[in-house]
Amino acid sequence: LAGEGPLREQIEFSVKTFNLAECFTFAGALPDMENFYLGLDLYINTSLHEGIPMTILEAMSYGVPVVACDVGGIREIITDGVDGFLVQGRDPQALADKCLLLHRDKELWKNMSMAARRKIEDKFSDAYMADQYLALYRRLVRLQDIE
C-alpha cells in the first residue's frame, strides 16, 4: 500500500487481525512511484467515488491490470474484461473473485496487461491528448467563423 491517509491505522489493524503481515507492505508516501508500479501484479481501486484517477492511469501505463469499482470516471478508462475489471458496488467477494481470476489465469493477465498499456498509449498519452485539444480548438474556431 502506497501513500498515507486517515485510515492507515485501521488498515494496519486489519492486516494484523487477519494475519496478513507477511504478504502486506505499507510503503508510505513515495516520491517516485515507478518502482512501486513495477512491483505490482495487480492494482485494486475500491473508491466509492472518483473522477479520472491518476493512479489507475499510472498502473495501466506500467501494464498492471486494474480491478476497480465501477464509479465515476473509472468506466471511461477501463473496458471491463479487456484491460481490467469493473465491479458493481463495493462487493468484497466480487473484487476478490476478479483478483483471483487474474492470479490463476496467466494468459488473461498477460492479455489485460498488454491491453492496459496499449490503452494508455493510444488514448491517454500526451500526444493523443494534445491532438484532441487541437481538434477541439479547430472545431471551436470553425464554429466561431460560422457565427
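**View 1. Asn 19 is placed in the loop between α1 (8-17) and α2 (34-38).** Helices (H or I, at least four residues) and strands (E, at least two) are DSSP runs, numbered from the N terminus. The model is a predicted one, in which local features need pLDDT of at least 70 and side-chain atom pairs count only at pLDDT 80 or more, while totals for chains, interfaces and linings use all residues. Residues are numbered from 1 along each chain as its sequence is written, and side-chain values use heavy atoms, with hydrogens and water left out. The phi of Asn 19 is positive, near 55 degrees, in a residue other than glycine. Most residues other than glycine have a negative phi. Asn 19 has a relative accessibility of 67% and counts as exposed; with a 1.4 Å probe and protein chains only, buried means under 20% relative accessible area, exposed over 50%, and partly exposed in between. The loop between α1 and α2 also holds Cys 23, which is exposed at a relative accessible area of 61%. From the C-alpha atom of Cys 23 to that of Glu 121, 98 residues apart along the chain, the separation is 32 Å.

**View 2. The whole chain contains seven helices and three strands.** Read from the N terminus, the order of elements is α-α-β-α-β-α-β-α-α-α. Along the principal axes, the C-alpha atoms fill a box of roughly 65 × 35 × 30 Å. Of the 147 residues in the chain, 27% are buried. Among contacts (heavy atoms within 4.5 Å) with a separation of 6 or more, 44% join residues 24 or more positions apart.

**View 3. Phe 36, Tyr 37, Tyr 43 and Tyr 62 make up one aromatic cluster.** A search of the whole structure gives five aromatic pairs. Rings of Phe, Tyr and Trp (its six-membered ring) pair if their centres lie within 6.5 Å; planes under 30 degrees apart count as stacked, over 60 as edge-to-face and the rest as tilted. The pair of Phe 36 with Tyr 37 is edge-to-face, with 5.6 Å centre to centre and 70 degrees between the planes. Phe 36 is buried at a relative accessible area of 19%, and Tyr 37 is buried at 2% relative accessibility. Tyr 37 also pairs with Tyr 43 in a tilted arrangement, 6.3 Å centre to centre with 50 degrees between the planes. Both Tyr 37 and Tyr 43 are buried.

**View 4. Helix α5 (residues 92-104) crosses helix α6 (residues 106-123) at roughly 100 degrees, and their axes come within 5 Å.** Axes are lines fitted to C-alpha atoms, for helices over the stretch in contact, and angles run from 0 to 180 degrees between N-to-C directions. The helices α5 and α6 are therefore roughly perpendicular to each other; angles under 35 degrees count as roughly parallel, over 145 as roughly antiparallel, 65 to 115 as roughly perpendicular and the rest as oblique. On the α5 side the contact is made by Leu 101, Leu 102, His 103 and Arg 104, and on the α6 side by Lys 106, Leu 108, Trp 109 and Met 112. Five residues of the contact of α5 with α6 are nonpolar, one is polar and two are charged. In this classing, Ala, Val, Leu, Ile, Met, Phe, Trp, Tyr, Cys and Pro count as nonpolar, Asp, Glu, Lys and Arg as charged, and the others, Gly among them, as polar.

**View 5. The axes of helix α3 (residues 54-61) and α6 come within 7 Å and cross at roughly 115 degrees.** From α3, Leu 57, Met 60 and Ser 61 meet Ala 116, Arg 117, Lys 119 and Ile 120 of α6. By class, the contact of α3 with α6 has four nonpolar, one polar and two charged residues.

**View 6. Lys 98 lies over the face of Phe 85, 4.6 Å from the ring centre.** A charge sits over a ring if NZ of Lys or CZ of Arg is within 6 Å of the ring centre and within 35 degrees of the ring normal. Asp 97 belongs to helix α5 and is partly exposed, at a relative accessible area of 40%. The C-alpha atoms of Asp 97 and Val 67 are 10 Å apart, across 30 residues along the chain.

**View 7. Cys 69 is part of strand β2 (residues 66-69).** Cys 69 is buried, at 1% relative accessibility. Apart from neighbours within four places in sequence, the contacts of Cys 69 are Asn 45, Thr 46, Ser 47, Ile 74, Leu 86, Val 87, Gly 89 and Arg 90. Between Cys 69 and Lys 16, 53 residues apart in sequence, the C-alpha to C-alpha distance is 25 Å.
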